[in-house]
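Subject: A structure for you to explore

Hi there,

Here is the structure I promised to pass on to you.

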Amino acid sequence: MVDQLNHLLDQFTEPEQKRLLDFLASPYFNKRLELVQLAKLMLARHSGKLKKEDLWASIIPDEVFEDVKLRLLKSDLLKLVEIFLTTEQAGELKDTRKLLQLKEKLRSKNLHKRYAAADRRLGKLNTKKGLG
């Protein structure tokens, strides 16, 4: 599981990392500060070089190291990262759906220039997602 989390976080671009940290800092999705701290350390790309004990001390300095608790923290973080990815994907689909609905409405009103502009925006969105 730890390898899964490291591998997943290694795939994040800088903008995605920033959005993930914002997501984790939201009390709606996460009320555990130590998960935000763990994510920051793991995204810093040097966590693989840290011993588990040092990683623990950076996150929870006042507690004695417990391997099981660290693995549980990483498991909880992995679940939140997966929720983040799902939320990101849902937002992208929502944008696409809105543009498709806008295009349909503009076409029905014979607003060809606006329709063409909405079509270009949809094309850019699809290109950005790797679909175009």
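Let's start with helix α4 (residues 52–59), where Leu55, Trp56 and Ile59 are buried. Helices here are DSSP runs of H or I with at least four residues, numbered from the N terminus, and "buried" means under 20% relative accessible area, with exposed over 50% and partly exposed in between (1.4 Å probe, protein chains only). Looking down the axis of α4, you will see these buried residues fall within an arc of 100 degrees, so they line one face of the helix. That arc is taken from the directions from the helix axis to the C-beta atoms. In general, an α-helix has 3.6 residues a turn, so residues three or four places apart point the same way. What do the buried residues of α4 pack against? Their partners are α3 (33–43) and α5, where a contact means heavy atoms within 4.5 Å.

Before going on, please keep in mind that this is a predicted model: local features need pLDDT of at least 70 and side-chain atom pairs count only at pLDDT 80 or more, while totals for chains, interfaces and linings use all residues. Residues are numbered from 1 along each chain as its sequence is written, and side-chain values use heavy atoms, with hydrogens and water left out.

Next, have a look at helix α5 (residues 67–108), which holds Phe84. Is Phe84 buried or exposed? It counts as buried, because its relative accessibility is 3%. Leaving aside residues up to four places away in sequence, Phe84 touches Phe12, Glu16, Arg19, Leu20 and Phe23.

Gln17 sits in helix α2 (residues 14–25). Phe84 and Gln17 are 67 residues apart in sequence, and their C-alpha atoms are 11 Å apart in space. Gln17 is buried too, at 14% relative accessible area, and its side chain reaches the backbone oxygen of Phe12 at 3.3 Å. This is a polar contact: a pair of N or O atoms within 3.5 Å where, within protein, one must be able to donate a hydrogen and the other to accept it, and residues adjacent in sequence count only if both atoms are side-chain atoms.

Ile83 also lies in helix α5, but Ile83 is partly exposed at 39%. Together with Tyr28 and Phe29, Ile83 makes a nonpolar surface patch of about 350 Å². Patches are built from residues with over 30% relative accessible area and no salt bridge, joining like charges within 9 Å and nonpolar side chains (Val, Leu, Ile, Met, Phe, Trp, Tyr) within 5 Å. The areas come from the Shrake-Rupley method with a 1.4 Å probe; for residues, only the protein chains shown count as cover.

Now for the charged pairs. How many salt bridges does a search of the whole structure find? The search finds 10, each being a side-chain nitrogen of Lys or Arg within 4 Å of a carboxyl oxygen of Asp or Glu. Here are some to look up:

- Arg19 and Glu88 form a salt bridge, with their closest N and O atoms 2.8 Å apart. This pair links distant parts of the chain, as Arg19 is in helix α2 and Glu88 in helix α5, 69 residues apart.
- Lys69 and Glu66 meet through their side chains, at 3.7 Å from N to O.
- Asp119 and Lys103 have their closest N and O atoms 2.6 Å apart. Asp119 belongs to helix α6 (residues 112–128) and Lys103 to helix α5, 16 residues apart. Asp119 is partly exposed at 35%, whereas Lys103 counts as buried at 11%.

Finally, salt bridges with shared partners join Arg32, Glu34 and Asp76 into one network.

Happy exploring!

Technical notes
Helices (H or I, at least four residues) and strands (E, at least two) are DSSP runs, numbered from the N terminus.
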